[in-house]
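Here's a quick tour of a ligand site and a bit of the strand arrangement. Have a look at the model first, then read on.

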Amino acid sequence: MAGEQEVILSGIRPTGQLHYGNYFGAIRDFVRLQEAGHYCYYFIADYHALTTITEKEDFFRQTLDMLRTYVACGLDPRKSLIYRQSDLPCTAELTLLLGMVTNIGHLERGTTYKDKLSKLAETPGAEGNPLSYGLLGYPVLMAADILIVRADKVPVGDDQRQHVEMAMDIAQKFNHRFGEVLKVPAPVSREALRLPGLDGAAKMGKSEHNALDLLDDPETVLRKIKAVQTTTDPLPLDVESDDPDVVSPRMPTTVGVLYRLLSLLAPEDVYSDFLGKYRRGEKFYNTLKTTLAQYVSAFNAPIIERFNDPAHSDDFVMDFLRENARKVTPVALATVEACREAMGIGRALFRA
Ligand code: ATP
Ligand code: MG
């Protein structure tokens with residue numbers, strides 16, 4: 001039981017390899033919170049992965065690999081409760097119940113949904129709205145994930161801030177209508193990071209094919225970084241600040257992401273040195289790329305080594321997944337039953 005400890009929850013979809021956005025937007029905080037002694041639930045969101053599925057994928061295989069990467073990044077299944085979303089099928093039941101207090105208009109204003117819809121509008125021949133009910137309902141499922149374990153805080157990257165706010169709103173509406181049953185989580189910290197893609201897109205993403213991955217070997221790292229577009233000469237910077245949050249958005253987008261990564265990985269003097277070159281308009285992109293590639297590979301090396309450690313095999317992952325599903329189920333069922341009672345249908349008469 002969590003008792004007086006602060007309850008943390010966060011999830012990641014098994015849609016590909018973990019990348020630098022996932023690490024600096026989420027996993028780094030997961031490890032910090034775990035080490036600070038909070039009660040942490042970290043799950044692999046395989047139901048969520050289905051909301052954008054286009055053809056059959058092996059989500060189970062990807063889940064195992066992702067969990068081995070979690071462990072390699074410092075998440076410890078003895079300290080944190082790491083589980084798989086679909087091993088808690090009552091999450092789907094809570095999603096259904098929460099759907100009754102969620103307006104469609106609110107969901108239609110969701111940024112992920114709106115982005116997908118606007119991309120479709122640009123696709124020739126697309127008619128009507130072919131997006132799924134599951135995709136529109138993504139924030140309700142995410143609210144169920146958070147509320148089912150009575151989480152206090154949800155450490156996520158900036159791209160997920162709006163979804164956490166929707167969960168807060170859904171919990172408040174439920175409590176207002178049916179009584180104080182659900183714990184309303186705290187908002188996402190203002191410092192949450194959003195790392196752009198190597199192609200300059202606003203967000204690096206597993207499904208965007210624009211990511212630098214934690215398991216990339218040195219050759220792949222160099223190839224990906226060399227391919228980042230740096231044809232635009234340095235633009236004059238109209239600020240004195242060296243803060244990467246301030247300067248990188250003022251650079252050509254693809255150059256900005258190189259600086260953002262350098263600021264996260266290299267010592268401060270290396271970052272300042274390259275920023276000085278930028279301000280002076282020197283020709284330096286080649287050295288910037290090779291230097292950055294070295295820092296990235298050095299960061300990845302121990303993660304790759306721990307990922308391949310035989311002690312972190314699939315069997316090891318399966319064992320803790322089973323054990324943790326057993327631990328989290330009673331906590332989750334207690335919330336679902338409390339919601340059923342509050343809504344007037346009463347407790348389930350039998351559960352397998
Ligand atoms: P997909 O493209 O399949 O949605 P993703 O890369 O967006 O994958 P998610 O599993 O959706 O990853 O998100 C996992 C966590 O990583 C979330 O907390 C999310 O906020 C964070 N995250 C994802 N991309 C970034 C990014 N570019 N910058 C910062 N945080 C990110
Ligand atoms: Mg995502």
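## Around the ligand

α1 is the top contributor to the shell around ligand 1, giving four residues. Along with α1 (20-35), β1 (7-12) also supplies at least two residues of that shell. (Helices are DSSP runs of H or I with at least four residues, strands are E runs of at least two, and both are numbered from the N terminus.) In total, 21 residues surround ligand 1, with H19, D159, K203, K206 and S207 the closest; to be near, a residue needs a heavy atom within 4 Å.

Sorted by class, that shell holds 10 polar, six nonpolar and five charged residues. Here Ala, Val, Leu, Ile, Met, Phe, Trp, Tyr, Cys and Pro are nonpolar, Asp, Glu, Lys and Arg are charged, and the others, Gly among them, are polar.

## Where the model comes from

This is a predicted model, with local features needing pLDDT of at least 70 and side-chain atom pairs pLDDT 80 or more, while totals for chains, interfaces and linings use all residues. Residues are numbered from 1 along each chain as written, chains are lettered from A and ligands numbered from 1 in written order, and side-chain values use heavy atoms, leaving out hydrogens and water.

## Strands β2 and β3

β2 (residues 39-44) runs parallel to β3, paired over four bridges; DSSP must find at least two for a pair.
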